Amino acid sequence: MRDGSNHRTDQFGGSLHNRARLPLEVVEAVIDVFGADRVGYRISPHFQNYSMNDSNPHETFCYLAEELSRFNLGFLHMIERVGEPMRVAPGARFASIIRSIFNGTFILNGGYDADKGNATIQKSEADLISYGSLFLANPDLPERFRKNAPLNTPDITTFYAGEERGYIDYPAL
Ligand SMILES: Cc1cc2nc3c(=O)[nH]c(=O)nc-3n(C[C@H](O)[C@H](O)[C@H](O)COP(=O)(O)O)c2cc1C
């Protein structure tokens, strides 16, 4: 739906309303199969690679969040990185605005550890925090968080290597 990638001239391109049409139709179709409470939606508004870009991600994704609120979805999940790489500068963040617009469970993601995650939930900036690379590197991540135990460091070179190494071989505590 991003105007930097979507160059359609039919009813799925041009205005924000039109660009949001396709994702919203997809959500409707998926809800018809699974039921709204079993459907979640993920947005990555700050991501600008692989030919994806938008002249005004704030406006685009606030509109989408508002439209998604009609469906009573299971959750909305947003990546807005607080850690390197690709950390989003504080002045460019709008997760709290998306949270205030969206009417359901709001999950944040992107460079969190246990402390940052807890602080964010305590400030009511998200309902939940999700963990990606830390979970890859720590098969027992919840237990480590509970015990305040040291964490294995994710090995970035294995992330997109296309084999099991880096996915099933990190040691548990
Ligand atoms: C190996 C790997 C593959 C990923 N693949 C995708 C993907 O296909 N689509 C996507 O939206 N995000 C993908 N991500 C991003 C994660 O979903 C997550 O947003 C990101 O890792 C930030 O969270 P973290 O800091 O807890 O790892 C991937 C991340 C990793 C580490």
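Select glutamate 163 to begin: at 40% relative accessibility, this residue counts as partly exposed. The side chains of glutamate 163 and arginine 165 form a salt bridge, with 3.3 Å from N to O. A salt bridge here is a side-chain nitrogen of Lys or Arg within 4 Å of a carboxyl oxygen of Asp or Glu.

Before the next stop, two remarks on the source are needed. This is a predicted model, in which local features need pLDDT of at least 70 and side-chain atom pairs count only at pLDDT 80 or more, while totals for chains, interfaces and linings use all residues. Residues are numbered from 1 along each chain as its sequence is written, and side-chain values use heavy atoms, with hydrogens and water left out.

Now select arginine 8 and aspartate 10. Their side chains meet in a salt bridge at 2.8 Å, N to O. Arginine 8 is partly exposed, its relative accessible area being 40%; aspartate 10 is likewise partly exposed, at 30%.

Which residue does the side chain of arginine 99 meet in a salt bridge? Select aspartate 127: the two side chains are joined at 3.0 Å, N to O. Arginine 99 belongs to helix 4 (residues 95-101), and aspartate 127 to the loop between helix 5 (114-122) and strand 4 (128-130), so this pair ties together parts that are 28 residues apart in sequence. Aspartate 127 is partly exposed, with a relative accessible area of 33%. A search of the whole structure finds eight salt bridges, including those visited here.

Seven helices and four strands are present, in the order α-α-β-α-β-α-β-α-β-α-α along the sequence. These elements are DSSP runs numbered from the N terminus: helices are H or I with at least four residues, strands E with at least two. Along its principal axes, the C-alpha trace spans about 55 × 40 × 35 Å. Of the 173 residues in the protein chain, 38% count as buried. Among contacts (heavy atoms within 4.5 Å) between residues at least 6 apart in sequence, 56% join residues at least 24 apart.

Notes: Buried means under 20% relative accessible area, exposed over 50%, partly exposed in between (1.4 Å probe, protein chains only).
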